[in-house]
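Let's take a walk through this protein together, one feature at a time.

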Amino acid sequence: MRRIPAIAAVVGVSTLALVGCSSASTEASCERAVSDASVLDLISVSGDTVELSAPVHVEETVFEDLTVGEGPTVTSDAQDVVFDITIVNGTTGETLVQSGTQVAPVAQWGEFYAGIATMLDCATEGSLISGAIAPDDLAPEAAASLGLGEDDSAVFVIDLQKVYLDKADGAAQYNDRRGMPSVVLAPDGTPGIIIPDADAPDELVVQVLQKGDGPVVTGEQPVRVHYTGVTWDDREVFDSTWETGTSASLSLDQVVPGFAAALEGQTVGSQILAVIPPDQAYGDAGQGAVPPGATLVFVIDILGLDEVAE
């Protein structure tokens, strides 16, 4: 059974280039669509209040930016986003949902709320977006969970609070240390790690493959990352967020010392290669799929910083 993202807890029941130095991908330009629909004039937004001056029904999703933010742009449905949302029944004017959301990729929203994905396409962090979503742009399960009739449109107001990168987007950096792993990047950013036929270094080695220009990782906030980890000797992937399709939010005091040291002081948008010796990883005991005494190799994409939980 498919699981509908909860808008209330999220809605409904009220996610190849060879790199010795690295090759950063260049995103295509993202042009924000503009809806020219008079029906948008029927929607009034004031603070947390959304009112309709007449019933709203649309055959296709339309929207407008009431406020245009200056933060990162949604250029991929793989990007994680966080937003506050108000949903109103377009027929009755009844407010159905007022809620914040958890971190989730745009694609997860689009599976059940295609209209949300449309409204977020090329939107910028900090934007306030008002729109009307057509019945066909809501999955039947989602419409039912909201209490919408088969022909009801829904008015959505989205306060886009956070947009994360989908992969590192920094400038390629040159690294010339011999005997280090190489990284092969798939078009979506998924890394493959090539271990050289050489002994692993005895000390922690950290290389910046791509240098981002975002905020610095200090350890005061959790850092959101994609990563792949392999063991040097076995050349086996033992953990990868790319395989699960879900980024990870990590506190530096909750990861092995070498991983924390590799991240601290780096910037959002960077891609890091870290070779972590056993004494800064899982030591002689190992853990899970990591054998005792293993040297670990990680490729880490720094996607953003999370808010500190209160």
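## The largest pocket

The largest pocket here has a volume of about 400 Å³. A pocket is found on a 1 Å grid over the protein atoms alone: it is an open set of points where a 1.4 Å probe fits, with protein on both sides within 12 Å along at least five of seven lines, and its lining residues have an atom within 4 Å of a point. Grid points are joined across faces, edges and corners, and the volume is the space filled by probe spheres set on those points.

Sorted by class, the lining has eight nonpolar, seven polar and seven charged residues. Here Ala, Val, Leu, Ile, Met, Phe, Trp, Tyr, Cys and Pro count as nonpolar, Asp, Glu, Lys and Arg as charged, and the others, Gly among them, as polar.

## Where the numbers come from

What you're looking at is a predicted model, where local features need pLDDT of at least 70, side-chain atom pairs count only at pLDDT 80 or more, and totals for chains, interfaces and linings use all residues. Residues are numbered from 1 along each chain as its sequence is written, and side-chain values use heavy atoms, with hydrogens and water left out.

## One disulfide

Next, look for a disulfide, meaning a pair of cysteine sulfur atoms within 2.5 Å. The count comes to one: Cys30 and Cys122, with their sulfur atoms 1.7 Å apart. This pair ties together distant parts of the chain, 92 residues apart, with Cys30 in the loop between strand 1 (17-19) and strand 2 (43-46) and Cys122 in the loop between helix 2 (114-120) and strand 8 (128-133).

The S-S torsion of Cys30 and Cys122 is about -95 degrees, so the disulfide is left-handed. Are the two partners buried (under 20% relative accessible area), exposed (over 50%) or partly exposed (in between), using a 1.4 Å probe and protein chains only? Cys30 is partly exposed at 31%, while Cys122 is buried at 9%.

## Two positive phi angles

Most residues other than glycine have a negative phi. Cys122, though, has a positive phi near 65 degrees.

Arg235 also has a positive phi, about 55 degrees, without being a glycine. You'll find Arg235 in the loop between strand 14 (223-231) and strand 15 (237-240), and it is partly exposed, with a relative accessible area of 42%.

Key. Helix = DSSP H or I, 4+ residues; strand = E, 2+ residues; numbered from the N terminus.
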